[in-house]
Amino acid sequence: QLRLTEEEKRLLAQEGVTLPGDLPLTQVCGGTLGAVGSGGDRGDPSVPQAEERLLKKVRRKIRNKQSAQDSRRRKKEYLDGLESRAAACSALNQELRKKVQELEKSNGSLLRQLQALIKETSSKPAQTGTCVLV
């Protein structure tokens, strides 16, 4: 009995081919379809080679499609990770810019205070004093 998945049936219909259901083209191994030609049907004159090749082609297309879907999923996960990292870096960058502005403002204030003290001390004449030692 030939067992085809829905995807295989759909692709075969898309190719415009119908396979008889009684050909031993597949072997079921642990719930998955085995490779075409496995299980001793090679050289079996009841299995036309064209149908066998077509079924192999359909199964290869299914594997390629699954592989492409997996690749797109991995790429999306990678890009999502990059986007979240970029957002986190952007937030940290914004926070650090704000801190730099605060520090520059504080630095300017301290600089003005220093200049005022220097001006105040330089404008006073030097005082002489007496020190008594007891």
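Leu4 touches Lys9, Leu12, Leu55 and Arg59, leaving out residues up to four places away in sequence; contact means heavy atoms within 4.5 Å. Leu4 and Arg59 are 55 residues apart in sequence, with 9.8 Å between their C-alpha atoms. This is a predicted model, in which local features need pLDDT of at least 70 and side-chain atom pairs count only at pLDDT 80 or more, while totals for chains, interfaces and linings use all residues. Residues are numbered from 1 along each chain as its sequence is written, and side-chain values use heavy atoms, with hydrogens and water left out.

**Overall layout**

- The protein has 2 helices and 2 strands, running α-β-β-α from the N terminus on; helices (H or I, at least four residues) and strands (E, at least two) are DSSP runs, numbered from the N terminus.
- Buried residues make up 15% of the 134 residues; buried means under 20% relative accessible area, exposed over 50%, and partly exposed in between (1.4 Å probe, protein chains only).
- The accessible surface comes to about 11,100 Å², and 55% of that belongs to carbon and sulfur atoms; areas come from the Shrake-Rupley method with a 1.4 Å probe, and for residues only the protein chains shown count as cover.
- Of the contacts between residues at least 6 apart in sequence, 54% join residues at least 24 apart.

**Nonpolar core**

- The largest nonpolar core has 6 residues: Leu4, Leu11, Leu12, Leu54, Leu55 and Val58.
- The elements that give two or more residues to this core are α1 (6-15) and α2, and the largest share, 3 residues, comes from α2.
- A nonpolar core is a set of buried Ala, Val, Leu, Ile, Met, Phe, Trp, Tyr and Cys residues joined through side-chain atoms within 4.5 Å.
- Leu4 lies in the segment before α1 and counts as buried at 18% relative accessibility.
- Leu11 is in contact with Val58, Lys61 and Ile62, apart from its neighbours within four places in sequence.

**Helix α1**

- Glu8, Leu11 and Leu12 are buried in α1.
- Seen down the axis of α1, its buried residues fall within an arc of 100 degrees, so they line one face of the helix; the arc is that of the directions from the helix axis to the C-beta atoms.
- Glu6, Ala13 and Gln14 are exposed on the other side of α1.
- Gly16 follows α1 and has a positive phi, near 80 degrees.

**Salt bridges**

- The whole structure holds 6 salt bridges, each being a side-chain nitrogen of Lys or Arg within 4 Å of a carboxyl oxygen of Asp or Glu.
- Glu7 and Arg10 meet in a salt bridge at 2.7 Å, N to O; both lie in α1, 3 residues apart.
- Glu7 is partly exposed at 23% relative accessible area, and Arg10 is partly exposed at 40%.
- Glu52 and Lys56 form a salt bridge in which the closest N and O atoms are 3.9 Å apart; Glu52 is buried at 10%, whereas Lys56 is partly exposed at 30%.
- Lys76 and Asp80 meet in a salt bridge at 3.2 Å, N to O; they are 4 residues apart in α2, about one helical turn.
- Salt bridges that share partners join Glu7, Arg10 and Lys65 into one network.

**Surface patch**

- Tyr78, Leu79 and Leu82 form a nonpolar surface patch with about 290 Å² of accessible area together.
- Patches are made of residues with over 30% relative accessible area and no salt bridge, with like charges joined within 9 Å and nonpolar side chains (Val, Leu, Ile, Met, Phe, Trp, Tyr) within 5 Å.
- Leu79 is found in α2 (residues 49-123) and is partly exposed at 37%.
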